[in-house]
Amino acid sequence: MANEKIVLVTGANKGIGFGIAKHLGLSGWNVIISARDEQRAEKAICELKAAGVNVLGYVNIELKDLNGINQATKEISENYPNLSLLVNNAGIPGDMSVDSAHTELNDIRETLDVNFIGTWALTKALLPVLANNNGRIVNITVPSEISPYWHPLAYVASKAALNAMMGVMAIEFQQSNTPVEIFSVHPGPTTTDLNGNMSLPGFHDIETVGQKTAELINDGQNHQGEFIELYPIVEE
C-alpha cells in the first residue's frame with residue numbers, strides 16, 4: 001500500500017493531540033499514536049477505533065529520553081516506511097503559576113528538554129523517512145511574540161525555540177530542495193488538561209481544534225515555513 005497515508009501524532013492520548021488524531025483518522029489517515037503512558041494510550045486507541053479511526057499502533061515516546069527516541073524512531077522507520085506526516089503535539093506546561101523571577105532552573109530545563117530538544121531529536125531522526133515520502137511536519141505551538149495576558153516563561157521559551165526550529169528547517173529544506181514541508185499551527189486558547197481545563201470566553205474545545213487542524217493539513221496547499229493561527233488570541 002504505497003499510497004496509504006500514515007501519520008504519527010505525539011501526545012495523542014488526550015487533549016489537542018487526541019482531537020487531531022481523531023479528525024485526521026476520520027479524513028482517511030492511518031494513525032500511529034505516541035504517548036508516554038501505555039494505559040492512557042490503550043484507552044485512547046479504543047476510543048479512536050470506536051469513532052471509526054484506523055489506528056496502526058502505539059509507540060512509547062518520552063521526549064526527554066533521547067535514547068528512547070532513537071529506539072522508537074528506528075522502530076517507526078522499519079515498521080511504517082510510508083510515514084508521510086509527523087504532528088509534533090506532545091509537550092509539558094512547565095510551572096505556569098510563577099513569574100520569571102520565581103521560575104526554577106529545573107523547570108526551564110525540563111520544559112526545554114521535552115518541548116524543544118526532544119521534539120527536535122524526534123523530528124531529526126524521522127527526516128529520512130519523511131523525505132522519502134515527500135512528507136510534512138506540523139508543530140503545535142504558540143506565538144513567539146509575548147502576550148501581556150499569558151506568558152509563563154518556561155513554556156513560552158520552549159515554544160519560541162520550536163518556532164525557530166521550524167523557520168530554520170523550512171528555509172533549509174527550500175535551499176537544499178529537500179522534499180519535506182514544515183509549518184506551525186497555533187490552535188489558540190483551547191480547554192485542555194495542560195491549562196487545568198480552563199474555559200473562558202474565546203476558548204475552543206478539543207473537537208473544534210482537532211477538526212480545524214485536520215482540515216488545514218488536508219487543504220492541499222503548501223504551507224512551508226508558515227505560522228498559522230487557527231484562533232488568534234484577541235484582546236478582551
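Reader: Which residues of α4 are buried?
Author: This is a predicted model, in which local features need pLDDT of at least 70 and side-chain atom pairs count only at pLDDT 80 or more, while totals for chains, interfaces and linings use all residues. Residues are numbered from 1 along each chain as its sequence is written, and side-chain values use heavy atoms, with hydrogens and water left out. Helices (H or I, at least four residues) and strands (E, at least two) are DSSP runs numbered from the N terminus; buried means under 20% relative accessible area, exposed over 50%, and partly exposed in between, with a 1.4 Å probe and protein chains only. In α4 the buried residues are Asp 107, Thr 111, Val 114, Asn 115, Gly 118, Thr 119, Ala 121, Leu 122, Thr 123, Leu 126, Val 129 and Leu 130.

Reader: Against which elements do the buried residues of α4 pack?
Author: Contact means heavy atoms within 4.5 Å. The buried residues of α4 pack against β1 (6-10), α3 (66-79), β4 (83-88), β5 (136-140) and α5 (153-175).

Reader: How far apart are the end C-alpha atoms of helix α4?
Author: The expected span of a helix is 1.5 Å times one less than its number of residues. Helix α4 (residues 105-132) has 28 residues, so it should span 40 Å, and this agrees with the distance between its end C-alpha atoms, 40 Å.

Reader: Where does α4 bend?
Author: The bend at a residue is the angle between axes fitted to the seven residues ending there and the seven starting there. In α4 this angle is about 45°, and a proline, Pro 128, follows within four residues of the bend, which is at Leu 126.

Reader: What is the phi of Asn 134?
Author: Most residues other than glycine have a negative phi. Asn 134 lies in the loop between α4 and β5 and counts as exposed, at 57% relative accessibility. Its phi is positive, in a residue other than glycine, and is near 50°.

Reader: Which residue just after α5 takes a positive phi?
Author: The loop between α5 and β6 (181-186) holds Asn 177, which is exposed, with a relative accessible area of 68%. The positive phi of about 55° just after α5 belongs to Asn 177.

Reader: Which elements give two or more residues to the lining of the largest cavity?
Author: On a 1 Å grid over the protein atoms alone, a cavity is a set of points where a 1.4 Å probe fits but cannot get out, and lining residues have an atom within 4 Å of a point. The lining of the largest cavity is Thr 10, Leu 63, Asn 88, Asn 89, Ala 90, Thr 119, Leu 122, Lys 159 and Leu 162. The elements that give two or more of these residues are α4 and α5.

Reader: Why is the pair of Trp 150 and Tyr 155 edge-to-face?
Author: Rings of Phe, Tyr and Trp (its six-membered ring) pair if their centres lie within 6.5 Å; planes under 30 degrees apart count as stacked, over 60 as edge-to-face and the rest as tilted. The ring centres of Trp 150 and Tyr 155 are 5.6 Å apart, and the pair is edge-to-face because the planes are at 70°.

Reader: Is Ile 45 buried or exposed?
Author: Ile 45 is found in helix α2 (residues 38-50). Leaving out residues up to four places away in sequence, Ile 45 touches Ile 33, Val 55 and Tyr 58. With a relative accessible area of 8%, Ile 45 is buried.

Methods: 1 Å grid on protein atoms, 1.4 Å probe; cavity = no way out; pocket = protein on both sides within 12 Å on 5 of 7 lines; lining within 4 Å.
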